[in-house]
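Biologist: Could you put the model up, so that we can go through it together?
Modeller: Of course, here it is.

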Amino acid sequence: MITNRVSKYVLLLSILLSVSMLLSSCSSMTGNKRSKSSLNKLSQVEETNHPDKNSGENNVAKPTPKIIPRTLSSNVKLPAGAFLTVSYLDVGQADSVLITTKGAAMLIDAGNNSDGAGIVSYLKNKGITKLDYVIGTHPHEDHIGGLDDVISAFNIGKIIMPKVPHNTNTFEDVLDAISGKGLKVTQPKVGDKYKLDKAEFEILSPADSSYSELNEYSIVIRLTFGAQSFLFCGDADDANESAILGMGENIKSSVIKIGHHGSASSSMESFIKKVDPKYAVISVGEGNSYGHPTQQTLNTLNSFRTKIYRTDKLGTVIISTNGKTLNINSVKTSIDGNSYSSTAKDNTPKATPKPKPKPHTNTVSAITVYITNTGEKYHRDGCQYLSHSQIPISLTNAKNQGYTPCSRCDPPY
Ligand SMILES: [Zn+2]
Ligand SMILES: [Zn+2]
């Protein structure tokens with residue numbers, strides 16, 4: 001009996017050992033397969049130490065650790081004249097966002113390869129010589145394409161990129177530019193916070209280190225400045241949004257840069273509901289072949305009365321704030337051609353005058369009208385000009401987005 005047990009035990013142990021050996025050889029096989037040259041290069045330029053926060057608040061040596069409030073910046077009194085400007089550059093079907101304050105600058109993504117030179121001169125025209133942070137959300141060309149040019153052209157503080165192998169010349173060029181300047185890559189870690197002058201941003205994603213989709217490695221950050229906050233979603237998708245929701249963090253943001261160019265793989269209703277954005281910016285190319293942004297995403301945003309700003313329609317969208325109020329402008333800028341026309345437009349929604357109390361009528365914002373995919377008019381329910389696409393939208397949003405009343409059904413507002 002005892003011998004029988006022992007032999008069973010030995011058998012079990014040997015099975016376990018061989019399984020674990022098999023497993024480790026599997027993982028090293030996949031490891032080898034995945035860690036081709038780009039990953040090796042990434043490891044070379046990777047920062048080995050824990051990312052040092054500019055704020056220094058997480059300094060281990062600090063004798064009396066204090067609990068840092070989660071919404072630090074909103075409690076900080078901003079000095080007079082402080083401002084933050086977020087420019088969603090029109091780089092076609094790609095992403096690039098410039099964030100500047102009085103004394104600091106930061107770039108999230110740098111468009112396609114062909115946008116590099118244009119972005120560099122755009123930044124130089126703004127008098128920028130140093131980028132305190134450069135974030136490459138994920139290695140797709142429409143995000144990191146122009147990063148090599150940017151890295152080579154400016155003083156760079158910190159480069160934050162996800163650790164993910166990707167074997168394209170574009171990505172190799174970025175890694176070469178990084179190592180060429182002797183810089184190190186900082187890995188994004190969920191919950192890490194960084195200071196940008198008087199603003200602060202927190203990493204919300206990626207939470208995992210292995211995903212099946214490259215988009216899911218996207219770095220998502222929430223930046224706060226005074227009472228205003230901005231969420232930047234890269235090409236993150238539903239799975240990332242669920243993970244972020246699961247964190248239970250405060251992600252309410254005044255402005256959201258919609259994930260994945262308005263694709264249906266992002267912007268879940270529950271996510272948008274939690275973010276509760278007043279404004280959404282969609283970085284998207286005119287007439288792109290992906291059908292971005294999708295009607296589903298637009299409908300979701302409309303249902304939450306989020307005002308939408310699209311780079312394909314408006315050009316570069318520039319939002320500036322003093323920490324209290326937001327100002328929204330757009331400028332038709334051709335990043336590709338390095339030309340900066342002066343056709344600036346003030347897109348700040350005009351403060352809707354307080355409705356005079358009329359006891360027996362609805363307030364304007366509660367009225368629903370209908371728009372179509374392509375038309376520029378808003379309609380009454382059931383208007384014959386509402387073809388198959390009939391999208392409900394609040395009257396306020398319809399007016400804010402430039403829709404005018406249909407002359408046939410003549411909506412009485
Ligand atoms: Zn993209
Ligand atoms: Zn992507």
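Biologist: How many bridges join strand E4 to strand E5, and do they run parallel or antiparallel?
Modeller: Five bridges join strand E4 (residues 130–135) to strand E5 (residues 155–160), and the two run parallel. Strands pair here if DSSP finds at least two bridges between them, and strands (E, at least two residues) and helices (H or I, at least four residues) are DSSP runs numbered from the N terminus. Within this pair, Lys-130 stands opposite Asn-155 in E5.

Biologist: Before I go on, what kind of model is this?
Modeller: This is a predicted model, in which local features need pLDDT of at least 70 and side-chain atom pairs count only at pLDDT 80 or more, while totals for chains, interfaces and linings use all residues. Residues are numbered from 1 along each chain as its sequence is written, and chains are lettered from A and ligands numbered from 1 in the order in which they are written.

Biologist: And what is the mean pLDDT of the protein chain?
Modeller: The mean is 81, with 72% of the residues reaching 70 or more, where pLDDT is the predictor's confidence in each residue, from 0 to 100. Over residues 337–342 the pLDDT is below 50, and over residues 357–365 pLDDT stays under 50 as well.

Biologist: Back to E5, which helix makes a β-α-β unit with E5 and E6?
Modeller: Helix H7 (residues 169–180) does, and the unit is right-handed, meaning that with the strands pointing away from the viewer the path from the first strand over the helix to the second runs clockwise. E5 and strand E6 (residues 185–186) run parallel and are joined by two bridges, with Ile-160 having Thr-186 in E6 as its bridge partner.

Biologist: What about the open sheet, in what order do its strands come?
Modeller: Seven strands form that sheet in the order E7-E8-E9-E10-E11-E12-E13, with mixed pairing. Strand E7 (193–196) and strand E13 (307–310) stand at the edges with a single partner strand each, so one side of each is left without a neighbour in the sheet.

Biologist: How do E9 and E10 pair?
Modeller: Strand E9 (residues 220–225) and strand E10 (residues 228–232) pair in the antiparallel sense over five bridges, and the bridge partner of Phe-225 in E10 is Gln-228.

Biologist: Last one, which residues of H4 are buried?
Modeller: In helix H4 (residues 116–125) they are Gly-116, Gly-118, Ile-119, Val-120, Tyr-122 and Leu-123, a buried residue being one with 20 or more other C-beta atoms, placed from the backbone, within 10 Å of its own. Just after H4, Gly-127 takes a positive phi of about 80 degrees.

Key. Contact = placed C-beta atoms within 7 Å. Buried ≥ 20, exposed ≤ 12 C-beta atoms within 10 Å, placed from the backbone.
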